Amino acid sequence: MARVKVQEAPFDIAAETAALLAGRQDIGGLGCFLGVVRGTVEGRALRAMTLEHYPAMTEAAIAAIAAEAERRWDLLGCTVIHRTGRLAPGEPIVLVLAAASHREAALAATGFLIDWLKTRAPFWKKESYVDGGEAWVEAQAADDAAAARWEG
Amino acid sequence: MSGYPLHLLYFAWLRERIGAGAETIAVPGEIATLGELRDWLSQRGPGYASAFAAGKTVRAAVNQVFATPETALHPGDEVAFFPPVTGG
């Protein structure tokens with residue numbers, strides 16, 4: 001059963017990693033992906049990124065993605081934490097941890113989780129630029145392609 | 001069938017164009033599917049017309065589960081409309 005959290009507050013990677021490893025000796029590898037707010041978008045300086053989500057649906061959607069990862073790989077632990085609200089460049093947005101007995105499953109499951117999160121969890125990003133403009137981030141064909149490589 | 005209530009939610013630029021994030025409305029009984037609801041909503045006013053304009057990709061969920069235009073609607077359903085997701 002994955003640990004899923006959606007929160008405005010920052011998260012502590014060391015504490016989350018320690019929680020996954022606590023009291024067990026069967027884990028041989030822990031995959032970690034940390035998503036971070038970039039400071040420029042196509043040459044335009046970013047002031048902040050605001051993440052909106054669908055509260056009644058978000059955690060269940062992430063849990064369903066994590067359950068699919070647990071179906072595909074023998075995971076010994078899984079944590080997904082996604083932040084919402086207003087974030088500044090350099091701030092972490094999302095943490096994915098996947099633990100397994102060997103690195104292949106841990107790394108593959110980590111990649112799968114972040115690829116599916118980007119296309120199947122109800123979050124929307126709005127960018128606010130230093131020049132005063134604002135724009136909703138458009139879904140990227142590259143993200144769909146990255147998610148699609150896990151199908152079939 | 002007479003009209004029935006739906007709880008509607010709008011996110012991101014759909015919320016901004018429609019000017020509300022949530023509303024409960026009575027829809028005509030002949031609206032049976034999500035696709036029919038979307039067509040009916042697009043006639044409700046300029047904000048709705050803009051939100052559901054052709055060429056704009058709009059996704060939806062019924063009772064917090066991703067849905068398609070063919071998804072059947074029932075009284076009291078929670079129907080959310082939103083752009084393609086951009087989290088992660």
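The buried residues of α2(A) pack against β1 (3-7), β5, β7 and α3 of chain A, and also against β3 (59-62) of chain B. Here a residue is buried if 20 or more other C-beta atoms lie within 10 Å of its own, exposed if 12 or fewer, and partly exposed in between, with C-beta atoms placed from the backbone. Contact between two residues requires such C-beta atoms to lie within 7 Å. Helices (H or I, at least four residues) and strands (E, at least two) are DSSP runs numbered from the N terminus.

This is a predicted model, in which local features need pLDDT of at least 70 and side-chain atom pairs count only at pLDDT 80 or more, while totals for chains, interfaces and linings use all residues. Residues are numbered from 1 along each chain as its sequence is written, and chains are lettered from A and ligands numbered from 1 in the order in which they are written.

The buried residues of α2(A) are Met57(A), Ala61(A), Ile62(A), Ile65(A), Ala66(A) and Ala69(A). They lie on the same side of α2(A) because they cover an arc of only 165° around the axis, the arc being that of the directions from the helix axis to the C-beta atoms. α2(A) has 18 residues and reaches 27 Å from its first C-alpha to its last, close to the expected 26 Å; the expected span is 1.5 Å times one less than the number of residues.

α3(A) also has 18 residues, and its end C-alpha atoms are 25 Å apart, in agreement with the 26 Å it should span. Its buried residues include Ala105(A), Phe112(A), Leu113(A) and Trp116(A). The buried residues of α3(A) pack against β2 (29-36), α2, β5 (75-83), β7 (92-100) and α4 (141-148) of chain A.

Chain A has an open sheet of 4 strands in the order β1-β5-β7-β2, with mixed pairing; two strands pair if DSSP finds at least two bridges between them. β1 and β2 of chain A are at the edges, each with a single partner strand, so one side of each has no neighbour in the sheet. Within this sheet, β2(A) and β7(A) pair in the antiparallel sense over 8 bridges, and Leu34(A) has Leu95(A) as its bridge partner in β7(A). α2(A) packs on the sheet, and its direction makes about 155° with that of β5(A). α3(A) packs on the sheet too, at about 145° to the direction of β7(A). These angles run from 0 to 180 degrees between N-to-C directions, with axes fitted to C-alpha atoms, for helices over the stretch in contact.

Elsewhere in chain A, β3(A) and β4(A) form a hairpin with 2 residues between them, and Glu42(A) in the turn has a positive phi of about 50°. β4(A) also pairs with β8(A) in the antiparallel sense over 7 bridges, and 3 bridges join β4(A) to the antiparallel strand β6 (residues 85-87) of chain A.

Chain B has 5 strands in an open sheet of mixed pairing, ordered β2-β1-β5-β3-β4. Its edge strands are β2 (22-27) and β4 (65-67) of chain B, each pairing on one side only.

Between the chains, 22 residues of chain A are in contact with 13 residues of chain B. α3(A) gives the most to the side of chain A that touches chain B, with 5 residues. That side divides into 15 nonpolar, 3 polar and 4 charged residues.

Note on methods:
Ala, Val, Leu, Ile, Met, Phe, Trp, Tyr, Cys and Pro count as nonpolar, Asp, Glu, Lys and Arg as charged, and the others, Gly among them, as polar.
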